[in-house]
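Please look through the sequence and the structure shown here, and then read the briefing that follows.

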Amino acid sequence: ITGFLLTAIPNWTGRPPLRGMPLMALFALWLAGRLVLAVPGPVPLVAAAVDGAFLVVLAAIVWREIAAGGNWSQGPIAGVITLYAGANILFHVLALRGAATDLPERMALALILVLLTVICGRLTPNFTRDFMVRAGLPGRPAIFSRFDGLSIVLVGIAAVAWIVQPLTLATGWLLVAAGLANLVRLSRWQGWRVWREPLVLILHLGYGWLVLALLALGGAVLGLGMETTNAVHVLTAGAVGVMTLAVMTRASLGHTGRPLHAGPMTMVIYGLVTLGAVLRVFGATPDLPENLTMLMLGLAAVGWSGAYLLFAMVFGPFLSRPSLDE
């Protein structure tokens with residue numbers, strides 16, 4: 001999500017992208033937050049402050065760029081990032097007090113639901129339309145309409161309900177309704193027609209994971225289907241994991257002057273992250289013996305993490321050298 005924002009902000013505002021030392025400083029702050037939480041030793045309050053600072057700085061950068069470019073129509077996305085930073089701060093405050101942290105955790109996950117619905121709801125049909133034009137395919141994905149707006153609003157309402165009242169039947173049905181609306185929305189983008197180009201098809205697959213996450217979370221609240229823990233993995237391992245790699249691979253090819261086409265190794269990356277998500281969500285069920293469950297979880301970790309490792313190995317050299325069109 002951070003990478004997409006830093007890539008998309010210049011397009012929204014007409015201002016130059018964040019680069020050089022400011023970008024390296026932002027990355028260093030993100031890395032510092034990971035390290036202070038992973039390595040024993042730092043004072044808890046210091047660790048919380050360092051980790052919490054990253055999203056605050058990111059939100060400030062987004063607001064600054066929007067204000068400088070005068071493109072206030074992108075304010076809602078900046079607002080969601082700000083709330084996301086607030087959820088992280090609340091998490092650390094409650095953790096330092098020894099209190100339960102389930103509320104800020106739900107807030108963060110709910111905000112991710114909203115961000116993916118808005119951001120990926122722009123990327124997927126736009127990139128699909130671009131591919132259809134280049135490939136000379138007839139027809140086009142449906143343009144943004146009131147139905148798309150309704151689908152986003154339903155996700156927002158369901159997300160708020162899940163934060164405030166996570167166990168009520170009304171929340172469950174709202175999540176299911178949001179999932180069904182976005183399933184129809186996804187079908188309007190005609191993803192089955194781009195099967196020849198995995199670089200585009202993976203965007204539809206990622207949004208499909210988002211739809212499944214809404215339905216799974218709603219079903220879990222209603223006592224149908226999987227438990228809430230597994231439903232959360234549909235969102236995190238599935239929707240977030242797949243869509244992040246979908247955007248990273250496309251952006252890496254486009255910004256280094258390479259053809260927008262998924263080669264064999266890119267398809268392996270997509271296969272690994274998808275397999276890892278499937279095994280994580282469906283491989284650990286109460287019916288399986290414990291040793292088989294642990295094997296499934298281990299394979300899920302290897303597949304999912306291996307996809308990101310392979311991305312670094314394949315695309316790292318592209319990103320560390322001058323663009324081919326420079």
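This is a predicted model: local features need pLDDT of at least 70, side-chain atom pairs count only at pLDDT 80 or more; totals for chains, interfaces and linings use all residues.

Is Arg-34 buried, partly exposed or exposed? Arg-34 has a relative accessible area of 32% and is therefore partly exposed, a class that lies between buried (under 20% relative accessible area) and exposed (over 50%), judged with a 1.4 Å probe and protein chains only. Residues are numbered from 1 along each chain as its sequence is written, and side-chain values use heavy atoms, with hydrogens and water left out.

**Confidence**
- The mean pLDDT of the protein is 90, and 96% of its residues reach 70 or more.

**Salt bridges**
- Five salt bridges are counted, each being a side-chain nitrogen of Lys or Arg within 4 Å of a carboxyl oxygen of Asp or Glu.
- One of them joins the side chains of Arg-34 and Asp-51, with N to O at 2.3 Å, and this pair links distant parts of the chain, 17 residues apart.
- Asp-51 counts as buried, because its relative accessibility is 5%.
- Asp-148 forms a salt bridge with Arg-185, the closest N and O atoms being 2.9 Å apart, and the two residues lie 37 residues apart in the chain.
- Both Asp-148 and Arg-185 are buried, and together with Arg-188 they are linked in a network of salt bridges.

**A buried asparagine**
- Asn-230 is buried, since its relative accessible area is 15%.
- A polar atom of the Asn-230 side chain lies 3.1 Å from the backbone oxygen of Val-281.

Conventions. pLDDT is the predictor's confidence in each residue, from 0 to 100. A polar contact is a pair of N or O atoms within 3.5 Å; within protein, one must be able to donate a hydrogen and the other to accept it, and residues adjacent in sequence count only if both atoms are side-chain atoms. Helices (H or I, at least four residues) and strands (E, at least two) are DSSP runs, numbered from the N terminus.
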